[in-house]
2 protein chains.
Amino acid sequence: MASSTEVLKRLLVGRPFRSDQSKPAALPKRIALPVFASDPLSSVAYAPAQILMAVSAAGGAAFVYAPWAAAAVVVVLLVVVASYRQLIRAYPSGGGDYEVATTNLGQAGGLLVASALLVDYMLTVAVSVAAAVDNLGAMVPVVTSHRTAFAVAVVALLVAVNLRGVRQQGLVFAVPTYAFLAAMVALVGWGLFRVLGRDEPLRAASAELDVSGIEIGGGLTGFALVFLLLRALASGSVTLTGMQTLANQVPSFRPPKSRNAASALLTVGLISGALLLATVWLARLTEVQYVERPRTQIAGATPDYVQAPVTAQLAQTVFGDATLGFFLVLAATTLVLVFAANTTFDGFPVLGAMLASDRYLPRQLHTRGDRLAFSNGVLVLGAGATLLVMVFRADVVQLIHLYIVGVFVAFTFSQVGMVRHWNRALATERDPVARLAMKRSRAINFAGAVLTGVVLAVILVAKFNRGAWISIVVMAVMYLLMRAIRQHYDHVARELTPLEQRPVLPARNHAVVLVSQLHMPTMRALAYARATRPDTLTAVTVNVDSTDTRLLVSEWEGRGLDVPLTVIDSPYREITRPVMEYVKSVRRSSPRDVVTVFIPQYVVGHWWEQLLHNQSALRLKTRLQFIPGVMVTSVPWQLASSTGKGGTDRMIRGPRGSGSRPDFEREPET
Amino acid sequence: MASSTEVLKRLLVGRPFRSDQSKPAALPKRIALPVFASDPLSSVAYAPAQILMAVSAAGGAAFVYAPWAAAAVVVVLLVVVASYRQLIRAYPSGGGDYEVATTNLGQAGGLLVASALLVDYMLTVAVSVAAAVDNLGAMVPVVTSHRTAFAVAVVALLVAVNLRGVRQQGLVFAVPTYAFLAAMVALVGWGLFRVLGRDEPLRAASAELDVSGIEIGGGLTGFALVFLLLRALASGSVTLTGMQTLANQVPSFRPPKSRNAASALLTVGLISGALLLATVWLARLTEVQYVERPRTQIAGATPDYVQAPVTAQLAQTVFGDATLGFFLVLAATTLVLVFAANTTFDGFPVLGAMLASDRYLPRQLHTRGDRLAFSNGVLVLGAGATLLVMVFRADVVQLIHLYIVGVFVAFTFSQVGMVRHWNRALATERDPVARLAMKRSRAINFAGAVLTGVVLAVILVAKFNRGAWISIVVMAVMYLLMRAIRQHYDHVARELTPLEQRPVLPARNHAVVLVSQLHMPTMRALAYARATRPDTLTAVTVNVDSTDTRLLVSEWEGRGLDVPLTVIDSPYREITRPVMEYVKSVRRSSPRDVVTVFIPQYVVGHWWEQLLHNQSALRLKTRLQFIPGVMVTSVPWQLASSTGKGGTDRMIRGPRGSGSRPDFEREPET
């Protein structure tokens, strides 16, 4: 039974899991938190560079504003955390933003958020993997010169792992997060202690660079400064990505699920904020410089100049180049980024399956694979991320321009949805204590909606030309596509709904047996057609080669078969069209009848055997399906080479010369 | 009805021809000769270079031996012409070498010759097109630097033209041959007249080159000289290629067909021989030098040094560079070479169809396309020639090493076959005059067999390492493949032969209706299954998602359908395997029964709609065919989007609320 593709699949994916295989147990907070926090926390690895880059547009002197931009980001972060804590309590089922938007803003809102999330999940994978490759490249330079190839390989690895459907979300998944936290705390703590506590004059290597501005010229005053800070805020907002992950994972926490998830969210938010602030501050103190366009902004930079990631620069400054500390920080950062990408392979397929189950996406996304994962979703995510990585050559900066739009679209709409949610709840709630809590929640979500909306507007203005428009176009296409798919499914469902009156099957059934040669399959088809007791029975052959046809007719007559043989002419040597026209003519003479076309076929075992025989039967079957009122019956005849491909037992014919009377000669009992 | 692929096909290929469309009239000799002679005559365009190259191995001084080698080639040529005149008279049907070898040497001999011819037809196209590109390149240098691309384009053009099935083998096809003849006669005649008649000191530009030998060292004496001449003979034998074309085209001549064809062959042979001798002689007189390895043999040659074809060098010397005469000679040569390749597109598909009709090749090669050409043969030839051109980068020299082996294999075997033919004929013939003629013919064919056999041996020795081994390997593979194909077809035919006893169809027929949802297609399938009056009728559903299954079962019960619904469990969420096992179990309980599986399907009109629905039905149908005693009936339900794809009329249901009683509720009349 096992074909070679089957063997390959087993090797890659492993043995299939039974549907009733037990789901993983709910996780205690000390495990759940790190498992789901790799995504939100890991953004601290690339957010500081975004802030430094944004301010660098005003030249080297502007780095002094970086900590202020970081502080603004942290404010937004904390408001969003507060908002999501309300969301988690109100919608503990794990549907997240999509559920909130659909419930409170209707189909359009839900689809809009879903489009944003689908695009963002792909970008999460692309950005995390690209950043991981950056950090790995700071340790192993060969990786940097083959960044795209390495990034694609990591995505492929993640796809393979997730097709195997790793279910043990245990300690293994907690390790990278804890390691990253430990490494960052050690790095930032030791760094700040050396600079502030021991007054050591630590200076990053990049402090020596001569950085000039772009766009914005010399002095930063008034409007220009505000714009610079807003742009830095827009860039730094990438810190907030991944916060939604926790909102989708409420069901994985131990009860009280909502409260545990909410407190985990707060913890992660506080840690992220603190780390971001401390990192940017330390970068400022050690005068790390990180610019948007190294080749034009840095005086004397060679075309192949590569800026080391900020974490790498800090680790180099604090611990020294090529020290154990340096490697540990970079290794932990690489690892947590890969695991953040991996978390997305949980979220995307689940969202895809939800959308498929709501009939907005092809239903194949709702099929669980051999290992119970939504395999098709995993494959789609992998393909999308690979495409992004290849198109943008694993460039974190460019990918991030695309990334944050979607994140803030989802933030804003789900917070607006939450405001609506509380409005509705307040309309029916009478208990004053509960009303007070609701009003408080509403205020928080309102603040969240306003703030995220403002940031979204800033992002749109600051990033539109730099790639954000691509995200917006893709989101719009996704939105329209999902609506079209839903319309198609609805349409089909309406057409297929059984009417109260059952379908009337015409009383008369015309059997047509297609004959090319007078061989065993034909004989069997004739016998079987007779056995279904049709009202009329005709054998039909297409005259492609008149010599062959004459031979067939004379053989037919010689055998004295009592079924009439109709010869259809085919001046252009086609088979499908004349048969189609013949079948239609049979129906036209009595349109309420049914025509059953019997196609004798012999079955060979190997694909190369298949090559030696005409494929006209398959094409004919496909085309006949389009004629209403026509049934197509394949009468297969298994050749010796086909055994073992499907059946274990060979066709058993009646013993030769036994007393049994062949059906073929039996007249229909009318 | 017209799909986009249909429209594209019509644009490329044109309107289809009716099978009874009249065949082209037989041709008078003055047209037939040039039409079929482009192949044998055009070899004069590249044969002189081969002879010069072969002698160049002994250094520049050895060019003096070139005319002697050419004379030897002409002797072989004349003997082969005489031999083929016998063949044409004995086998006027146009079967050529394949027919002669099969009739007289049996299956193995016929197949061997067929393998050689198939390989050679591909090489004829490749060599002719490559040589055409060479000559074109001598006029338009850009062609030389993109030789492979140009050659591939010419092959593609030839495929397109021949798929359109150009039937008018008229004057158009005679023009290039006559133009080539006129150009060559003018070139050689004027050249010889200038040198010999007017004693002008014409010297080719390449006469100035300092040519050194390879392999063979200094003085040429005894064995070395013989070996050199034999090698030159082997190379020059390429002149003989294409002689077989005329033997295959006997039916195209006007009666008396054989005699006209035989005299045409003689004419072509004499012209070829004379042209070859004159060309090589003129090349010698003007001291044209043409070597095998320009980079090593020519002192001071740059790596990108290109030798102009011998015709181009002669035209340059005789008429002067860039004169009208120069361009006319090269244009005529290019044209005749392209038409020579085109002639092959007649021969290969006909041979392929003959082999397919003898069941040595897939039967698709015997199908005539829309324009009555054997389209699949044309495509296979085009693909083979393209591959050769690409692998050998349109290098005439390398391709010729592969080429002549097959030609001489076919020559030798068909001459041996002819000797056998005369032996057999002599065994029964009693008329002394006829016997004398036969003995004369046998002597000629015997001489032909011996001489071509010797040349074949020389070719094998001289060319084996230079690429002839590739031809031999390909021929051996073709031979084995054709034998295997014949065995497969014979095997299938044996299995399919109807026995005297007709196939016993078991009396009991178990109907199994596959159900996934309770929609219109299912309802119709149930009704139709009931109408075929099976002995048992069961509906079967596969439990992939237990929620869906529970819904289906309750709906089923709610509707009060009187067909039992069997739920098959599928712990691993498969559909095909559980259904296969269920069907097998039904058969196992009474192996002599038949199981009919009814598959309700809805038909959508567009491929992109198809993407939105599961493809499990198709896979299931394919796999079910492998179980003996199982019939598969598709019960299609056409959705609105499918109309216009096949049927013009929509499914007509009974008028709602009419008195007609749905079949579904009718009990079988037993």
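Mentor: Leu514(B) has Val540(B) as its bridge partner in S2(B). That contact belongs to a pairing of two strands of chain B, S1 (residues 509-514) and S2 (residues 536-543). They run in the parallel sense, over five bridges. Keep in mind that this is a predicted model.

Now widen the view. The sheet is open and has ten strands, with mixed pairing. Read across, the order is S3(A)-S2(A)-S1(A)-S4(A)-S5(A)-S5(B)-S4(B)-S1(B)-S2(B)-S3(B). At the edges stand strand S3 (565-569) of chain A and strand S3 (565-569) of chain B. Each has a single partner strand, so one side of each lacks a neighbour in the sheet. Neighbouring strands are turned by 30° against each other on average, direction ignored.

Helix H19 (residues 520-531) of chain A lies across S1, S2, S4 and S5 of chain A. H19 of chain A also lies across S1, S4 and S5 of chain B. Its angle to S5(A) is about 135°.

Chain A as a whole has 23 helices and five strands. Of its 670 residues, 56% count as buried. Take its contacts between residues at least 6 apart in sequence: 81% of them join residues at least 24 apart.

Next, the charged pairs. Side chains of opposite charge can pair when their charged atoms come close. Over all chains, the search finds 24 salt bridges. One of them joins Glu292(A) and Arg466(A), with the closest N and O atoms 2.1 Å apart. Glu292(A) is in the loop between H11 and H12, and Arg466(A) is in the loop between H17 and H18 of chain A. They are 174 residues apart. Glu292(A) counts as buried because its relative accessibility is 15%, under the 20% cut-off. Arg466(A) has 21%, so it is partly exposed.

In chain B, Arg231(B) forms a salt bridge with Glu292(B), the closest N and O atoms being 3.5 Å apart. This pair links H9 (residues 222-236) to the loop between H11 and H12 of chain B, 61 residues apart. Both Arg231(B) and Glu292(B) are buried. Glu292(B) also forms a salt bridge with Arg466(B), with closest N and O atoms 2.1 Å apart. Arg466(B) lies in the loop between H17 and H18 of chain B, so this pair ties together parts 174 residues apart in sequence. At 23% relative accessible area, Arg466(B) is partly exposed.

Key: Residues are numbered from 1 along each chain as its sequence is written. Chains are lettered from A and ligands numbered from 1 in the order in which they are written. This is a predicted model: local features need pLDDT of at least 70, side-chain atom pairs count only at pLDDT 80 or more; totals for chains, interfaces and linings use all residues. Side-chain values use heavy atoms; hydrogens and water are left out. Two strands pair if DSSP finds at least two bridges between them. Helices (H or I, at least four residues) and strands (E, at least two) are DSSP runs, numbered from the N terminus. Axes are lines fitted to C-alpha atoms, for helices over the stretch in contact, and angles run from 0 to 180 degrees between N-to-C directions. Contact means heavy atoms within 4.5 Å. Buried means under 20% relative accessible area, exposed over 50%, partly exposed in between (1.4 Å probe, protein chains only). A salt bridge is a side-chain nitrogen of Lys or Arg within 4 Å of a carboxyl oxygen of Asp or Glu.
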